[in-house]
Protein chains: 2
Amino acid sequence: MRRSIATVSLSGTLEEKLEAASWVGFDGVEIFESDLISSPLAPREIRALAQSLDLTLDLYQPFRDFEGVDDARLAANIRRAEAKFALMVELGVDTMLVCSNATESAIDDDARAASQLRLLAEAAEPYGVRVAYEALAWGRHVATYEHAWKLVAEADHPLLGLCLDSFHILSRGDDPAAIRDIPGEKLFFLQLADAPRMRMDVLQWSRHYRCFPGQGGFDLTTFTHHVLAAGYRGPLSLEVFNDVFRASDPHRTAADALRSLSVLEDSLAGEQETANLRHDRGSFTPITLTRLPEPVRPAGFGFVEIAATEPAAERAGAVLAALGFAHTRDHRSKPVQLWEHGNTRILLNAADPRLGHTWGGEATITALGIGLSDPERARERAERLSAPALTRRRDPSEAALQSVAAPDGTAVFFCPTGPPDADSWLADFSAPAVTNAHEQRDTSIIDIDHIGLYQPFDHFDEASLFYRALLGLAPTEVSELASPDGLVRSRALSHPDTKSPLRIVLNVSLLGRGPQADADGGAQHIALSCDDIFSIAEDMVDAGVSPLRVPDNYYDDLAARTDLPPAQRERMRRLGILYDHDPQGGEFLHLYTPLLDGRLFFEVVQRVDGYQGYGAANTTIRMTAHREGSNT
Amino acid sequence: MRRSIATVSLSGTLEEKLEAASWVGFDGVEIFESDLISSPLAPREIRALAQSLDLTLDLYQPFRDFEGVDDARLAANIRRAEAKFALMVELGVDTMLVCSNATESAIDDDARAASQLRLLAEAAEPYGVRVAYEALAWGRHVATYEHAWKLVAEADHPLLGLCLDSFHILSRGDDPAAIRDIPGEKLFFLQLADAPRMRMDVLQWSRHYRCFPGQGGFDLTTFTHHVLAAGYRGPLSLEVFNDVFRASDPHRTAADALRSLSVLEDSLAGEQETANLRHDRGSFTPITLTRLPEPVRPAGFGFVEIAATEPAAERAGAVLAALGFAHTRDHRSKPVQLWEHGNTRILLNAADPRLGHTWGGEATITALGIGLSDPERARERAERLSAPALTRRRDPSEAALQSVAAPDGTAVFFCPTGPPDADSWLADFSAPAVTNAHEQRDTSIIDIDHIGLYQPFDHFDEASLFYRALLGLAPTEVSELASPDGLVRSRALSHPDTKSPLRIVLNVSLLGRGPQADADGGAQHIALSCDDIFSIAEDMVDAGVSPLRVPDNYYDDLAARTDLPPAQRERMRRLGILYDHDPQGGEFLHLYTPLLDGRLFFEVVQRVDGYQGYGAANTTIRMTAHREGSNT
């Protein structure tokens, strides 16, 4: 299907918006009136620019507060509309979006509104353009698509149809199923926007918090399917008012936007096969929906790579050794150590592979290896999602792991888990050059439970969609966490199949600054799961690696609000183990290390009775303790 | 009255919060539980720290979801409360805040809730502490102070009373007048928070957008007066959850907070004289309310000072000359030119007085001279409001203008307007050294209409309160403006007496970044009022100073939506004059200059028939044109 985006969804001047939309491959744009009025380009110049960029101009929008007015106002509104129709002819746009009247003075009279809309359509005739009427969620009298359709049907003019906007319908909780009952030829335009579920004034929600499909909480697949089932064959167009997108690099935003439509179209194609997109009142042009290669179900983390220079690298090694890991091999051509505990693998890189030179300073997670039965299909899917492929310098004899860059720059590697290449990348590592390599110890460490990554402020929603689209992860927990330096927003993603618990937690500073948003972002961590956190903690202490000190006040509070046995609580206090529980009876025990070098830390977690969270209730404790630790 | 602040209102660790509260002069703090639990300090250490900082610990808060529960839960809740009572004894806090139960499972049974609150008060007896019950605006069954008071009255225990929180009452639109009917001795605590008027979920509103009294839209003077009239004699305490304050320098925030209480107390003192604070059920301890010197009504701008180096300085001079100003004098000891047109005065400073050295780069507004009949009283008021006094290097013979620093660093000078010192500062200037000085021309320029200043993101609310408190200005217009690089929030302040129209517009980047928030902040401007903008614009063109070019598309849109005569519209188009009107029939004509040097511009405005706004509808046009201009 054709893909469009409203210019208001992107930052910059009109020229910059058009250039960005074209650059990533959109087919068309909606011209937002304010962008046109602010532009020094004449309408014909805008038309020529769009043509040169291979973009169609699909919609002129919005025309406001037309219908349900007194006769004097009507005459002025028709005159206003005619000026815009003439402008549309110059622009070469054939459809105008007319929003339902939202003014206090609008008259509550359906017959009047319908007849005025008919007059508007008649006024459009000489210009050869058409009018798409849309119910704003906050329209004064017309706020639902069913009401808008009633007026359009009553007005009964071929140049008058509907514009459907997913936000205006789904934000109200309206059932979109009745869209199927509207004749497809009367659906003139479709605007798509997702949004996080919020309880707030719908106008503010709409103007600040819309996001691209797959980034929020709406079911846009089902919604769009109803629209296609009704016979709509126009473009899928994104109209997203978002404070961050308005202020971010329009090329990045446009790429993110286009990716969201690729994923949506792919999910629609999945539905299409069952529903056939034939309507009982007639059959419509078949739709070609572009499919993506199926996502490959991730089989957990193949590895996580840390880049760290001294002393952070030594500290990381000490933590891993204390947890039972051994430094088993070294990379044959790079300064990378392989640390293993069973099948859990962590790479310690003495240089930053992203920068291509020796890296001084802190410790950071630079790469995630994702275990996949079909890495080639995953690579194809990634390519189709415009995930930036990473080129690596490597020896020809080394394993050709494919990798792409996540929005924050982290490399995501596709590690084969099936024959014949299972773990083939391990062959790039040979016996360690170091002499102090020790044996793995049999501890209760099971696997990498999750990783936590701070995201650049501008790319938090993009990152969420990236992992969702690339690996088939689903958001499972969204929370706001209070750090001593401000609020942090957190979103966990995991694979819906809980037997294969790949989990990634994305964090972002709510204000896009503070220590959590400095330069390359805030603290990152690797959480390892275990069966017996107490013995792990004792091992750590014995090995001279103290868990992060948790305030006594925390345990006093725990005594006040839980039934944990005093002896267990005392042991937790001694070892810095924190506690959480969920309403279903699941329990969570976890501990942290201090920051290794200002940024990276490890967590050890023990999940009991199906606990699915991440101990968010304890995050303020952790962040404060890390802050206190880094001040001393 | 004693002044307190909740630790949650400030950023940092508990130690940092206490230190900041003490540093600015608060008498006490509320200990927010999460701050205590996260602290490595033992309760006794916190008590000792507070003592050493001369702070009392006035409230332990919050204890949640206690009442309206089943018997099993009650036992657990009592146990939880007893642990906190014991903690309070260690801390030396005598009052605990208990919020109304907000959980889904809370039981809707007033008798049960009241009897359970009584049990809680009985449990508090051995500890010698008391319980202040507060209705959360989103409490499950108890959401109003009247309902909370009903339960407290029914429970009837001397250790059980009420906590009143202005946000929970005013956010719901509840009438606070009935607070007067509550016996003063049952009002255990008063928490104050203001908030901007928003239509959103009250929980989110409360947790993110509270602000200090005088920064939002609530009438806290009347509210607090009711509480004092009822007999409350505890501290005025601020509990403000605010995303920005949580992430800003706690010393700045604490100073801002304390200033808000000074202004509130002063306004209360004004009310006290009429109401006498005697209650019909008895008389209470008299209150000592600290008064401030009355604000001096500002008589407009005495001057505005621009610091600019070449070529911006030359450009500024050219604009002023085109508007009829003349460079009449030079400062006797500094590189400052005085430009005059009638009584309108603008200083052009070749060096940045704030930096104390020659300043390279852009043009910026560095000082506002405010005309005042009693500068000494204004200075005293400023001092009492902790406005930072500025020390100036000056020749002993020069005028001793008092000045303070606004939150963004702009110097605010107090210029005498009355005898014997009226305009005395002009004596610091003598005939110009330059030879190209020209005569003032008689143009229709009237005065400085307003100035516009971008504010540092962290200090937007602070700046609003600063000007309000210092000069008695009132916020008159709040808007959100779309720039090509993101949204901008704008708040205009002016003196309520419209005959003395001192107007200041404060802007801030909604995300705290982008071109508008770089380094020293975004664009600034000086708007000059006139009687005939067309002749002014013609003069500018004749003088070779072109007004900012406004897109033709703007005038086509104006033709579509207004009845302006075509000839006038055409003249506006040629001269770059923009148009706005208000529902009362007021009209606004205005034009801009290009940016002088990346940052500063002038505006010329003509107000017709009582128009009170600032042409916000045209701001996107202006910002886009400035952006286009600075790209070419």
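Student: How many salt bridges does the rule find across the interface of chain B and chain A?
Tutor: The rule finds 6 of them, a salt bridge being a side-chain nitrogen of Lys or Arg within 4 Å of a carboxyl oxygen of Asp or Glu. This is a predicted model, in which local features need pLDDT of at least 70, side-chain atom pairs count only at pLDDT 80 or more, and totals for chains, interfaces and linings use all residues. Residues are numbered from 1 along each chain as its sequence is written, chains are lettered from A in the order in which they are written, and side-chain values use heavy atoms, without hydrogens and water.
Student: Which residue forms a salt bridge with Glu16(A)?
Tutor: Arg627(B) does, with 3.0 Å between the closest N and O atoms.
Student: What area do the two chains bury between them?
Tutor: They bury about 4300 Å², 51% of it on carbon and sulfur atoms. Buried area is the accessible area (1.4 Å probe) that two parts lose on being put together, summed over both.
Student: New topic: what rotation superposes chain B on chain A?
Tutor: A rotation of 180° with 0.0 Å of shift along its axis does so, with an RMSD of 0.0 Å; the superposition is by least squares on the C-alpha atoms of residues with pLDDT of at least 70 in both copies. The two copies are therefore related as by a two-fold rotation axis.
Student: Which C-alpha of chain B is nearest the axis?
Tutor: That of Met200(B), 1.9 Å from the axis.
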